[in-house]
Amino acid sequence: MAKKGRRKHIPQRTCVVCRRIFPKREVNRIVRSPEGEVHYDPTGKAPGRGAYLCNDIACWEKAVTGNFLDRALKTKLTPAQRAALQEELERRKALPGQTSRSG
Ligand SMILES: [Zn+2]
């Protein structure tokens with residue numbers, strides 16, 4: 001059976017915290033909307049500038065407490081926006097099967 005060469009382009013995104021590169025569907029998008037709202041974008045399709053976080057909880061914690069998202073989105077996150085991301089982080093921590101990796 002002859003197979004044609006696969007020309008499947010998989011979009012890749014860099015986690016703004018650990019700088020590792022992941023297939024797009026394995027990262028989480030944080031978006032700054034044209035109105036300046038920064039929020040988690042579960043659809044990955046919200047309009048605006050995006051920053052990407054991998055599924056590593058440690059990266060989320062650093063993103064919530066540090067300035068990674070401010071830098072990536074070229075904005076200043078408000079306390080309310082940070083709080084909303086913290087909530088998403090807590091939700092993820094509570095998920096079963098969450099493995100913590102060190103390294
Ligand atoms: Zn990461």
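Trainee: Which residue in β4 is the bridge partner of Arg29?

Mentor: Please note at the outset that this is a predicted model. Strand β3, residues 28-32, is joined to β4 by 4 bridges, and the two run antiparallel. Within this pairing Ile30 stands opposite Tyr40. For Arg29, the bridge partner in β4 is Asp41.

Trainee: Which residue takes a positive phi in the hairpin of β3 and β4?

Mentor: The hairpin has 5 residues between its strands. A positive phi near 95° is found there at Gly36.

Trainee: In what order do the strands of the open sheet lie?

Mentor: The sheet has 3 strands with antiparallel pairing. Because β4 (38-41) and β5 (49-53) each have a single partner strand, they stand at the edges, and one side of each is left without a neighbour in the sheet. On average, neighbouring strands are turned by 30° against each other, direction ignored. The order is therefore β4-β3-β5.

Trainee: Which element gives the most residues to the largest nonpolar core?

Mentor: This core has 20 residues, and Leu53 and Cys59 are among those with the most contacts inside it. Two or more residues come from each of β3, β5, α1 (57-65) and α2 (68-73). The element that gives the most, with 4 residues, is α1.

Trainee: Which residues is Leu53 in contact with, leaving aside its neighbours within four places in sequence?

Mentor: Leu53 belongs to the residues with the most contacts inside the core. Its contacts beyond those neighbours are Cys15, Val16, Val17, Val27, Asn28, Ile30, Cys59, Trp60 and Ala63.

Trainee: Is α1 roughly parallel or roughly antiparallel to α3?

Mentor: Two packed helices are described by the angle and the distance between their axes. Here the axes of α1 and α3 come within 9 Å and cross at roughly 165°. As an angle over 145 degrees counts as such, this makes α1, relative to α3, roughly antiparallel.

Trainee: Which residues of α3 make the contact with α1?

Mentor: α1 passes α3 in a left-handed crossing. From α1, the contact involves Ile57, Trp60, Glu61, Ala63 and Val64. From α3, the residues are Arg82, Leu85, Gln86, Leu89, Arg92 and Lys93.

Trainee: Is Glu90 buried or exposed?

Mentor: Glu90 is placed in helix α3, residues 79-93. Its C-alpha atom is separated by 9.3 Å from that of Ile57, 33 residues apart along the chain. Glu90 has 11 other C-beta atoms within 10 Å, and a residue with 12 or fewer counts as exposed. Glu90 is therefore exposed.

Terms used
Residues numbered from 1 in each chain as written. Predicted model: local features only at pLDDT ≥ 70, side-chain atom pairs only at ≥ 80, totals over all residues. Pairing = 2+ DSSP bridges. Axes fitted to C-alpha atoms, helices over the stretch in contact; angles between N-to-C directions. Core = buried A, V, L, I, M, F, W, Y, C linked by C-beta atoms within 7 Å. Contact = placed C-beta atoms within 7 Å. Parallel < 35°, antiparallel > 145°, perpendicular 65-115°, else oblique. Left-handed = near helix turned anticlockwise from the far one by under 90°.
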